[in-house]
Every structure is written in structure tokens, then in C-alpha cells.
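Here is a short briefing on one protein chain. Look at the structure first, then read the points below.

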Amino acid sequence: MNAPSEHETGIGASVRRKEDYRFVTGSGKYTDDVQIPGQTYAYFLRSPHAHATIRSIDTSAARSAPGVIAVLTGDDLAADKVGGVPCGWLITDVNGQPMKEPPHPALAQGKVRHVGDQVALIVAATYLQAKDAAELIEVDYDALPAVADARDALKSGAPVVHDIAHDNKCYTWALGDKAAVDATFARAHHVTRIELINNRLVPNAIEPRAALAQYNRGDDSYTLYVANQNPHVERLLLTAFVLGLPEHKMRVIAPDVGGGFGSKIFLYAEDVVLAWASKKLNRPVKWTAERSESFLTDAHGRDHATVAEMAVGADGKFLAMRVHTVANLGAYLSTFSTSVPTILYATLLAGQYSTPHIYAEIDGVFTNTTPVDAYRGAGRPEAAYVVERLVSTVAREMNIDDVELRRRNFITSFPYQTPVALQYDIGDFNACLDGAVELADVAGFPARREEAKRRGKLRGLGFSTYIEACGLAPSNIAGALGARAGLYEVGEIRVHPTGSVTVFTGSHSHGQGHETTFAQIVSARLGIPFEQVDIVHGDTGRVPFGMGTYGSRSLAVGGSAIVKALDKIEAKGKRIAAHLLEASASDIEFKDGKFTIIGTDRSVPFAQIALAAYVPHNYPLDKLEPGLNETAFYDPTNFTFPAGAHICEVEVDPETGAVEVAAMTAVDDFGNIINPMIVEGQVHGGLAQGIGQALLENCVYDKSTAQLLSGSYMDYAMPRAEDLPNFKVGSRVTPCTHNPLGAKGCGEAGAIGSPPAVINAVINALSPLGVTHLDMPASPERVWNAIQSARQSA
Ligand code: MCN
């Protein structure tokens, strides 16, 4: 299964993933696989109410249940002065005031605010003993009125989630020139207005969240194994913000992690409680979520309600765009929750278009629901959905062809400064659209539509030309926008005396294949076999520092840090080679794995330089230190801007409302590509998630009780293979202008571009009946109802 060395392994080669050997043979090591002598098991008693005052908690019976070691509550946490779970990103309100940042105790103190809120920790010798004992805990709740929908939460008289405030608004945030937008709308030839719901999603990684905390009494330190995408940030928040410890007193290890899709970037309340309990009990404490807990407590995604308008000229040119979004933040502020509907959403509302004026206003709102945070795409799918639904609605209302309208409004000259803060460095939107139109055989669509009609089916074609900002982010920009940590990345390369290499990266791989693609970069540059490069990630005890993986940043930022470290190795290698070859370092070039005196055939291979670096007598020690290890940080000067064109073709059965995705085409521009097969796999995964959101997935709360109604796979429909067609995937390349690899991110694109393409296709199919709007997911029931009401009003 390991890629054989005789195969091409350089940059651009479709090398098979070296980590897959471990995964398909069951040799992976996930958090739940870690066993520490003396470890105990944790179970969390969670609130059955969405909103309630806790009058009392009686833990006496549970404490004496078999196997129970301890039962701890919010009072114990408060007595030990353990801080609340912090938010990682501060937002400034439109009136210049900071957002409301209510406390988030890791175990409820006085009140519970969503179903699943943590009320008590039970630690026992076995997991089942802990779970059984939880049933013996008597909690006297005084149920309070609850609110689940963010728009309801803004109404006067709505239940207020946090006592620190009179209402549920966390912030109102705005971007763009409102006066210019309003003035343009006043004189527009045509105005299109749509109202959209971006449906709430549950992340559903295959591996549930898990953590195992160990306190080491000997040196007063902690080791935390945790299924996490971001171990250094987890450590920073947990030590500095919550436990009040110096960072070096905690080692966070995120071993193999079975998918995250954003939901494992955050510091969760469970991690805080486990770390604290491990010291209090002086025993390792392990917890692995059950699937029903994942539904209730993994941070959810999306949940926007938006009104969007486009002002258009008689020639179909976009003149101005106005957007108002109500974003559900849930009951507490999860680590990046505040940045998702603001910085990551509103800044993408220009899409691929040269709309001169844009104004967006966002209300971030507390409700009695699970916290909402980043989920594959994080803000950017929401933006693409608004823009692309709006554009296709303009096309229909003004009777302009979908492709033609997009072309008329595309940005064609770069760099391009959008009216919503971002500066796109490069792109070729026409090239991706041309490619997709050809691959999807758009020309043949009318014939396919006619043929479907003869079978009694409605066929539709939907377009989406999206852009996203990846490679998060320039630290200074992120800092100015409220981030509490820098967003650079680090790469350390250790060259061993035999010339093999270990790379320590601050990025984290939990399915994206970094062990393969990063090894491709290093082996190609140093001219050493692919098998001689190992990648280490996910351990604060081994990797010098890191900002983790999210926002499709690992290659563009983490990969670039590795390239910078390679630059340093090459520079030092030249000095060693110069000494060995008795030449000047400026006369040495490094190519094809050899250091050569330029213009001669006198050269030394990399492996010989590596050995020489460890043999101090070969060169003056006072001039050059032994070894060939280098570390570099990379902080990008801009985001990267992957973009593409997605075209979906659907067939709708008007009798049942069932939608079949007949074809899905994606032509994307990810800049230079390291491994086309891995990139295609990333696109496939994203498309599956995007189609899942558009047609199947929906996280539903009861409006008045705020109970989660879709809390299991019986009620929450994940896409399965039979729901998906064979994807048609293509690529166009405009290399990123500012990172050394010329690469842009690919990990989220599929989930960003596809939902609007799918819904535009369904509306296109139903438009002959007069249907003009549908919300996601376009379930058979929704589609059937839309057909019936269109027929009735016809
Ligand atoms: N790559 C490449 N050439 C490019 C771009 C990327 O060869 N031009 C390769 C990279 O080297 C890497 C992979 O493609 O092996 C993805 O790279 P990148 O786009 O940098 O994304 P990240 O590695 O930072 O992954 C994060 C991204 C996000 S934000 C989510 S959410 C997501 C995703 O990736 N979660 C995933 N893909 C996932 N895939 C799996 N299996 N599981 C998840 O949880």
C-alpha cells in the first residue's frame, strides 16, 4: 500500500496516500485507542432542558454507586476557580462596542442553556459504571421558556439566554458603504430580492470527539490526548485562559483523528473538565462521545437567515448588493463562532463579480441551542449560497442566460480590490466556467430535458461560480480583525546523518493526506526518496509550534513554512558543499539532489552533505554548527482565493417530489497542485457534503421547547453513495501569486460551490411550473409542496 519508489513521487504526481496503510490495516491510533495504566472513565450528565434554573443537584447516591470514583459539578469547578471556556475571536459591534461575551462555565453553574449542556461529571472504573451512576443524580430543574430560532430570539419578549444582557444580540457587525449602496438601489433599473435559510448542519466526523487527560504529579504537568485539529491552540486556550498554567506544563497530543470538518478546531468544555479532574483525582480520565452526544454537543454549522438584494442595470450589470443576515450562535460562544458569520462570510459577498457597492449587516444571536461554529467552509458556503442564488434569480427575472449573466459581471483583471475588504490576487473565472460548461455538456441539456419530459420527469440545470478565501491568514490582518492568536505556521525539518528526514509541521492532518503531500514537497526538493521523509504533526511535545488546520490553510501556509525551512537547509548545505569542494558558497547550485560547482561536473549528493553536517572535523566548527536541522515560520501576506464553476443537473419526479442528482460537474482553480488524486478526493468529499446540505441534511429544533428533533441518524439524513452521481471534476490553474508553492486550498471547495448549484438546478427544473424559491434541504416533501402551491396559484 505504501507508494513504491519506482513510481513518480514528485510535485504533481498522484502518489497513493502513505498513511492509508495504517488506516486500512487497523493500525491507526486514535484517542480512544490510547491506554494509560490506572485510567478511569468519564460520563457527562447533560441537561434534558433547553433552558432551566438548577435549584439543586443531589449526587450522594451516585457517589456511592459501584465503581464510582468521583462526581463533580459546577460548584466544584467554581471552588477550584477554573475559568470559563473562552471565545477565540472578538467582534466589535457597529456602534464601536465590544461584542457581549457571556461566561461559559465548563460545568453548568446555576443555569443550563441548551439541551446537552454539561451538568455533572461522573468518573468511575468503567464507562458503564459511570453512565449507570449518572442516573442516580437528582437534579432539581426549574424549566424556563426557551428559544431556538435566531429570528425569534430577536423579538421583544423572547426568553433571554444570558443574564448579562437584556436581549439575545451578541453583536451587530457591518461591512461596506451603506450610503453608496442605498443610493445605487434608489436609481437601479431592476432590483432582485430573495430570502434564504442556510440550514443548520451537524458535522458528523466518523470518529466522535474523545479526550484522555493525565496529570503527572511528579512534575506538576498534564498530558492531554484529544481528537483535535489544532493542538497548540487547544493548549494555549486551556492553559493560559482557563487553568492559569504556564503552557509548557501541558502536552497536547492529537494522534490519528478520524475527520473533523471544522468541528474539532475548538476548545470544548469537556476538555477543560477532564484536564481539571485528572489533577483533582490524580488519575487519568478518559471520555469518548457517544453518537447521540455528538449530535447534541459538537458545534453545529451554518444556521443563517438572510435577506439579500441585488440592484441591476438594464444591461444586466450588477450595481450594488445589500445583505442582512441573522446568524444563530447557539447558547455559548464557541472558539471561532463569532468570526464565521462576519469575517469569513461578509468578506466573500462580492463572489466572482465586479459589483461596485456592497453592504452587509450581520446580527449574531444567542439561542438555547448547541453552539454554532465553523463547519467545512465556515461562512464561505453561506456567502456563496447567497450570491449564487441571487445571481441565478436575477438571470431568471431579467431573462438573461445564467452563463451569460455571470460572464458579463465577472472580475477579469487582477489584483482586484473588492468593496468588502478582500483583495483577490489572481484568478481566471471564465476559464473555469468554460471548462465546466464543456464538461457538463451544457449544449446537450435541452435534448436531455425533452427526453426527461417524455418520461414525465422535470430536468433542471443549475450554476454556481464561487470564490473562497483560504490559507487563513495574514496574522496582522487577523489580529486587527479580532483574532486572539497569530495565524502563521511553522515547519521544522530534521535531516538525519544518513540523509533521511523528519518534518515537524504545525498543520494537522485528519484525512487530508499531509503525510503524503508534504513528503512529496520535501523529497522533490532534496532529491531524496519519498519513503525517507516522515511527517510528524499533532503533538505539542514534538512540534515546535503551530496554528493547526482549518480554512484549507495547511498546504498554502504549513507547506510554505516547510519550503522556507528547505530554503535554509539548501543555504547551509551550500556552505558545507563549498567547504568540501573547496569552492565559494556563491558558486554552488543545488539541483536534482546534488550540490554542484556551477559550470563544472564537481558535485556532492545531498546524503553526503547530510553526513558531513554531522562530522564536525569536516569544516571549522566556529564557522558552521553541526547538523542540518532548520525551522521556519511562514506568515502569508494575503489569503489564497480558490475559485471555480460547479454545474448540477437534476431530475425531479413531480409525483413524489424526489430529486435525483443526475450529474455534478466541478472545475476548480486551486493554483499549483501537489497531488491531483488527493485534491480530487478532497473535491469529491466536499461535493458529497454540499449535496448532503442541499438535499438531505437538516438539524431541526422544536421552536418552542428548543429540543433537538434530529438527534440521531434516524432523523438526520446523511448522503449515501446512492444519493450521489459519479462526479465530473476538472481543473484550471492560476498559481497563487504570494506563496512559494503557488498553491491555493482545496479542502472546502466542494462544500462551498455545490449547494447553490444544486438548488439552482432544482428551481430550474420546477420553474416551468412557476416555482421560484426553495430552501435547503430540498426534501421530497418540500419539493412536492412547492409544486402543489405553484399549481394552485397558477
Ligand atoms: N493539496 C494539493 N494541492 C493543492 C491544494 C491542496 O495537493 N493546490 C493537498 C494538500 O497538500 C493536502 C490536501 O490537498 O494534502 C488538502 O489541503 P488544503 O486545501 O491545504 O486543506 P487542509 O489540509 O488545510 O485541510 C483542511 C480542509 C478543511 S478546512 C476541512 S473542514 C476539511 C478538509 O480539508 N476537513 C476534512 N478536508 C477533509 N478531509 C477529510 N478526509 N476529513 C476532514 O475532516
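How many residues of the shell around the ligand are nonpolar, polar and charged? The shell has 11 nonpolar, 20 polar and 4 charged residues. Here Ala, Val, Leu, Ile, Met, Phe, Trp, Tyr, Cys and Pro count as nonpolar, Asp, Glu, Lys and Arg as charged, and the others, Gly among them, as polar.

This is a predicted model, in which local features need pLDDT of at least 70, side-chain atom pairs count only at pLDDT 80 or more, and totals for chains, interfaces and linings use all residues. Residues are numbered from 1 along each chain as its sequence is written.

**The whole chain**
- The chain has 20 helices and 28 strands. Both are DSSP runs numbered from the N terminus: helices are H or I with at least four residues, strands are E with at least two.
- The radius of gyration, taken over C-alpha atoms, is 27 Å, close to the 28 Å that the globule rule gives for 794 residues, so the chain is as compact as a globular protein of that length. That rule is 2.2 Å times the number of residues to the power 0.38.
- Along the principal axes, the C-alpha atoms fill a box of roughly 90 × 70 × 50 Å.

**The domains**
- The chain is divided into domain 1 (34-144 + 206-259 + 264-297), domain 2 (304-472 + 638-793) and domain 3 (488-634). These bounds come from an automatic or database domain assignment.
- The C-alpha centres of domain 1 and domain 2 lie 36 Å apart.
- In domain 1, 21 residues are in contact with 23 residues of domain 2. Contact means that the C-beta atoms, placed from the backbone, lie within 7 Å.
- The side of domain 1 that touches domain 2 has 11 nonpolar, 7 polar and 3 charged residues.

**Around the ligand**
- Of the 35 residues around the ligand, Gly-511, Thr-517, Ser-554, Ile-674 and Gly-747 come nearest. A residue is near if its C-beta atom, placed from the backbone, lies within 6 Å of the molecule.
- Domain 2 and domain 3 each give the shell at least three residues.
- Helices α15 (514-526), α16 (554-581) and α18 (676-695) each supply at least two. The largest share, 4 residues, comes from α18.

- Helix α10 (residues 380-397) packs against helix α11 (residues 402-409) at about 115°, with axes 9 Å apart. Axes are lines fitted to C-alpha atoms over the stretch in contact, and angles run from 0 to 180 degrees between N-to-C directions.
- Val-391, Ser-392, Val-394 and Ala-395 in α10 meet Asp-402, Leu-405 and Arg-406 in α11.
- This contact has 4 nonpolar, 1 polar and 2 charged residues.

Technical notes. Two residues are in contact if their C-beta atoms, placed from the backbone, lie within 7 Å.
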